[in-house]
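Please keep the sequence and the 3D view at hand.

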Amino acid sequence: MTFVMGPALLFCPADRPERYLKAAERADAVILDLEDAVAPADKKRARGAILAQLGAKGDVPELEPTRTIVRLNPAGTEEFEKDLHCLAHTPYRTIMLAKAESAAQLRALEGFSVIALCETAAGIINAPSIAAEPNVVALMWGAEDLLASLGGTSSRNDDGGYRAVALHSRSAVLLAARAHGKEAVDSVYVNIPDLAGLASESRDAVASGFSSKACIHPNQVAVVRDAYAPSESEVAEANELLEAASSAGSGVFQFKGKMIDGPILKHAEATVRRSGARPISGR
């Protein structure tokens with residue numbers, strides 16, 4: 001199983017069906033949220049909205065299944081079981097498990113491609129074993145729920161940067177995902193008007209290795225996309241480097257006065273892939 005959605009994933013409350021198509025049109029993938037975005041009293045109506053948009057025959061979904069994710073309530077809850085019953089009657093097979101905490105929870109979701117949302121202390125600690133499960137295609141981390149599970153009050157310092165425990169958790173989820181060949185999704189940026197802060201954090205996500213970032217407002221999508229899209233000059237330089245590597249053959253070589261080895265070539269290949277092109281084989 002692979003996860004190719006992104007880089008901008010947009011949450012949409014599942015009890016707001018009038019927003020489904022708008023969210024899907026604005027982003028690279030839409031996350032229909034049955035968990036935090038829906039009040040307990042409205043969860044039944046939210047599941048009904050997902051079923052209703054399938055049409056009378058249930059075989060022509062309003063949303064493209066390959067670009068749709070459904071976030072479920074935490075495993076072990078009554079709402080989780082109801083969510084699964086709902087999904088059994090839909091074509092949607094990519095799900096996000098809220099507050100994922102153990103590999104056993106993922107094994108109960110056989111048949112689904114799962115984005116495990118690690119947003120509690122247990123989820124962060126168990127991220128490696130969660131990432132190892134075959135049906136897990138990506139890991140995501142959640143800052144605010146994590147701090148709440150720790151008894152904290154905020155994931156960020158007064159300057160807007162993450163607190164040390166949040167940075168540790170972000171890195172732990174990224175490392176666990178990549179160690180098992182899975183994708184990593186960066187957490188949402190909750191300060192919606194601060195697009196400059198979002199841009200800075202998104203650029204860091206790209207540079208660190210996150211394959212995508214989740215958004216909570218349509219205005220954030222373009223900012224995330226811009227951060228992930230390399231400039232024409234960056235793509236040209238990456239291709240030039242890969243061509244030079246192909247001509248040089250194997251081993252370390254010099255390029256514009258710099259020593260070039262394997263990791264640098266991988267960075268260049270990643271840049272070309274983010275442009276939507278296929279990288280030239282460096283070796």
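By class, the second largest pocket is lined by 15 nonpolar, four polar and ten charged residues; here Ala, Val, Leu, Ile, Met, Phe, Trp, Tyr, Cys and Pro count as nonpolar, Asp, Glu, Lys and Arg as charged, and the others, Gly among them, as polar. This is a predicted model, in which local features need pLDDT of at least 70 and side-chain atom pairs count only at pLDDT 80 or more, while totals for chains, interfaces and linings use all residues. Residues are numbered from 1 along each chain as its sequence is written, and side-chain values use heavy atoms, with hydrogens and water left out.

The volume of the second largest pocket is about 540 Å³. Of its 29 lining residues, Phe11, Asp33, Arg71, Val188 and Ile216 are the closest to its centre. A pocket is an open set of points on a 1 Å grid over the protein atoms alone, where a 1.4 Å probe fits, with protein on both sides within 12 Å along at least five of seven lines; lining residues have an atom within 4 Å of a point. Grid points are joined across faces, edges and corners, and the volume is the space filled by probe spheres set on the points. Strand S1 (8-13) gives the most to this lining, with four residues. Helix H1 (20-26), strand S6 (136-141) and helix H7 (143-150) each supply at least two.

Now step back to the whole chain, which has twelve helices and ten strands; these are DSSP runs numbered from the N terminus, with helices (H or I) of at least four residues and strands (E) of at least two. Of the 283 residues, 47% count as buried, where buried means under 20% relative accessible area, exposed over 50%, and partly exposed in between (1.4 Å probe, protein chains only).

Leaving aside neighbours within four places in sequence, Ala23 is in contact (heavy atoms within 4.5 Å) with Leu10, Cys12 and Val30. The C-alpha atoms of Ala23 and Val221 are 9.9 Å apart in space, although 198 residues separate the two in sequence.

Lys99 has a positive phi of about 50 degrees although it is not a glycine.

Helix H8 (residues 164-179) holds Ser169, which is buried at a relative accessible area of 3%. Beyond its neighbours within four places in sequence, Ser169 is in contact with Ile124, Trp141 and Leu146.

Finally, find Pro193 in the loop between strand S7 (183-186) and helix H9 (195-208). Pro193 counts as exposed because its relative accessibility is 72%. H9 itself has 14 residues and should span 20 Å at 1.5 Å a residue, which agrees with the 20 Å between its end C-alpha atoms; the expected span is 1.5 Å times one less than the number of residues. The buried residues of H9 are Gly197, Leu198, Ala199, Glu201, Ser202, Ala205 and Val206. After H9 comes Gly209, with a positive phi near 120 degrees.
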